[in-house]
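Please take a moment to look over the sequence and the structure below before reading on.

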Amino acid sequence: ERAAVLERAAEPAVTRGGRRVPVLANVASLAEAEAAAAWADGSGLVRTELLFGGPGRPGVDEQERVLREVVAAFGERPVTVRSWDVGADKPLPFFPRVAEENPALGARGIRMIGTTAEPLLVEQLRAVCRVAASHPLRLMFPMVTTRGEVDDALRLLEDAAAAETGAVPPGLEVGIMIEVPAAALSVAEVARGLDFVSIGTNDLTQYVTAADRGNPAVGHLAAGVSPAVLRLIGQVVDERPDGVEVSVCGDLASRPAVVHDLLRLGVDELSCAPAVVPEVKAAVRACD
Ligand code: PEP
Ligand code: MG
């Protein structure tokens, strides 16, 4: 059966009802991007805190060089660069660190704006603008909670673009991750004017179920398919602003058995672990 699934792994995934569902891959390294490109319709999540996970702080030139390699692996297919998602389960050696009592509820992801780590975000956005000037690129911000954070991030992006290409490159699509319940519950406001949202079900499940995603003692809560999370995903689809695409890049999208539920709720696009792209595409094809 796996042989039959693999045979069609590089083809587009279309439901029995004729709906084309892009199936992209989550990648954390160039090697993973090159492997994923054999099957995936692009990358729906480049985890930059892993891609640049070495001890040294990469400059703008270095980030541009590596991002161009990742982008080249996917040719004309879209690549979604997530800005630094540092903190909690994702430390990064060259990031300024502050001890926190509850790091999962702390200064992670986009919350670096306004802290001593903000210049690192500006450097990253400059590299993204350079690459986006010549390749279809998507940029997304993680751990968004409020509209104010989105406005701050967009302002930093414009400043970074001004230092590089002048204006934000027209080919750059901009979105946010929906992984904090407050953002899911106010998607109409937080996603206004953006191109897409991408639902991070790992953190969304963690915060909806109040179960640490890394703690095996509560793994049955954090790793299960929560009906409450599915309901929130449906709400995000229903309440997103017109024209905003909804993708799921959390691990729920890597479970072929859940694909039917996600499509039924109206999700437009999936991004999963590279190894399961063939199975996720097969699951899409089995949907009516
Ligand atoms: C998520 O939270 O679902 C997600 C995709 O991001 P990460 O697992 O990197 O936190
Ligand atoms: Mg997350």
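Which strand and which helix each supply at least two residues of the shell around ligand 1? They are strand E2 (43-47) and helix H9 (201-209), where helices (H or I, at least four residues) and strands (E, at least two) are DSSP runs, numbered from the N terminus. This is a predicted model, in which local features need pLDDT of at least 70 and side-chain atom pairs count only at pLDDT 80 or more, while totals for chains, interfaces and linings use all residues. Residues are numbered from 1 along each chain as its sequence is written, and chains are lettered from A and ligands numbered from 1 in the order in which they are written.

The residues that surround ligand 1 are Leu45, Arg47, Asp85, Glu179, Gly200, Thr201, Asn202, Asp203, Cys249 and Gly250, a residue being near a molecule if its C-beta atom, placed from the backbone, lies within 6 Å of it. This shell divides into two nonpolar, four polar and four charged residues, with Ala, Val, Leu, Ile, Met, Phe, Trp, Tyr, Cys and Pro counted as nonpolar, Asp, Glu, Lys and Arg as charged, and the others, Gly among them, as polar. H9 gives the most to the shell, with three residues.

H9 is largely enclosed by the rest of the structure, because seven of its nine residues are buried, which requires 20 or more other C-beta atoms within 10 Å of a residue's own, with C-beta atoms placed from the backbone. The buried residues of H9 are Thr201, Asp203, Leu204, Thr205, Gln206, Tyr207 and Val208. Among the elements that cover them are strand E5 (172-178), strand E6 (196-199) and strand E7 (245-248), contact meaning that the C-beta atoms of two residues, placed from the backbone, lie within 7 Å. Just after H9, Ala210 takes a positive phi of about 55°.

Turning to the strands, eight of them close into a barrel in the order E1-E2-E3-E4-E5-E6-E7-E8, with parallel pairing, where two strands pair if DSSP finds at least two bridges between them. E6 and E7 pair in the parallel sense over four bridges, and Ile199 stands opposite Val248 in E7.

Finally, the largest nonpolar core has 87 residues, of which Val23, Val144, Ile176, Ile178, Val197 and Leu270 touch the most other members; such a core is a set of buried Ala, Val, Leu, Ile, Met, Phe, Trp, Tyr and Cys residues joined through C-beta atoms within 7 Å. The largest share of this core, eight residues, comes from helix H5 (residues 118-132).

Key: Buried ≥ 20, exposed ≤ 12 C-beta atoms within 10 Å, placed from the backbone.
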